[in-house]
Amino acid sequence: MDRLLLDYFLREGYYETAMAITREADLENFSDISIFHENEKIAAELLKHDLKPAINWCVTHKTKLGTMKSTLEMELRIQEFVELVKACNYTGAMAYAEQHFAKYIEDSPLLIRRVMALVAVHTSVLGDLSEERYKDLLSESKWKMLADSFVKESYRMHSLTTESLLSLNLQAGLSSLKTVFCDDPNTKKEHCPTCSRLLGELARALPYSCHVHTSVVCKITGEVMDENNPPMLLPNGYVYSEKGLLMKMNKAKGTVTCPVTNESFPWDKIKKIFFC
């Protein structure tokens, strides 16, 4: 559990808390603090429109990125070219393209041609971003995309999951519990994790579990109904455990009130049922 929390706090940027967990749980040999800290610094520089740290990182890890067939360096180089075009530095942009784009033409010829075309059409396009062919290259949102791409490629290079281990473990557990009844407000269970407000949000997009053997849980007690706590059928069709109905029973009148419909029934009208 300490390792799951350490991974989560590192991804969220809580480095002091992560360091405290590392020391207290003796996880120095299992900590990736330096990786996450470097990722945060470089991603922050990208959001400030500074490409140099990210490009230097790509150069440092060129061999590994090449093995991964990563396109991150190409995306960064293209952005640097675009910034030169925006600054009307055509000579610098063409010299930059000649130096860096030759190795990308074979794998991404259409993209490189579209990028190079900016030099010819930049005046009209920069006036308004209505030209769809170049809108994605010139948009300010490209910086956020580059920062996200850098973090993902760093995770991939270091064999780290894109989501926190804590989140993945929670999703696995919730998926094993989730049934079609968890989405129905009338059948939600108070003690069911997937029916709870907080965990329910995480479970919303998860698949349903496959239950070969059915377990029926009493809506009153939250306990499984079995031979020691048999299911009881009310005349209105609702089923509760014997233990739950005894808790709700009006002993003076000998009746039980259904918690859903508020109908009252005498005990002798309630039937014990059996599952095959």
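In this predicted model, the side chains of E223 and K243 meet in a salt bridge, 3.0 Å from N to O. The pair joins distant parts of the chain, 20 residues apart. E223 sits in the loop between helix 13 (197-203) and strand 1 (231-233). K243 belongs to helix 14 (residues 242-248). E223 is partly exposed, at 33% relative accessible area. K243 is also partly exposed, at 40%.

The whole structure holds 10 salt bridges.

E73, R77 and K103 form a linked network of salt bridges. E73 and R77 both lie in helix 6, 4 residues apart, about one turn of the helix. E73 counts as buried because its relative accessibility is 13%. R77 is buried too, at 10%. K103 is partly exposed, at 45%.

Helix 6 (residues 72-86) also packs against helix 4 (residues 52-60): their axes come within 10 Å and cross at roughly 145°. The crossing is left-handed. On the helix 4 side, A54, I55, W57, C58 and V59 make the contact; they meet L72, E73, L76, R77 and E80 of helix 6. By class, this contact has 7 nonpolar, no polar and 3 charged residues.

The largest nonpolar core has 45 residues. W57, L76, I78, F81 and F101 touch the most other members. F81 touches A93, M94, Y96, A97, F101, V115, M116 and V119, leaving aside residues up to four places away in sequence. A second, separate core of 11 residues includes C218, L234, V256 and C258.

Conventions. Residues numbered from 1 in each chain as written. Predicted model: local features only at pLDDT ≥ 70, side-chain atom pairs only at ≥ 80, totals over all residues. Heavy atoms only, no water. Core = buried A, V, L, I, M, F, W, Y, C linked by side-chain atoms within 4.5 Å. Buried < 20%, exposed > 50% of the residue type's maximum accessible area, 1.4 Å probe, protein only. Contact = heavy atoms within 4.5 Å. Axes fitted to C-alpha atoms, helices over the stretch in contact; angles between N-to-C directions. Helix = DSSP H or I, 4+ residues; strand = E, 2+ residues; numbered from the N terminus. Left-handed = near helix turned anticlockwise from the far one by under 90°. Nonpolar A, V, L, I, M, F, W, Y, C, P; charged D, E, K, R; others polar. Salt bridge = Lys/Arg side-chain N within 4 Å of Asp/Glu carboxyl O.
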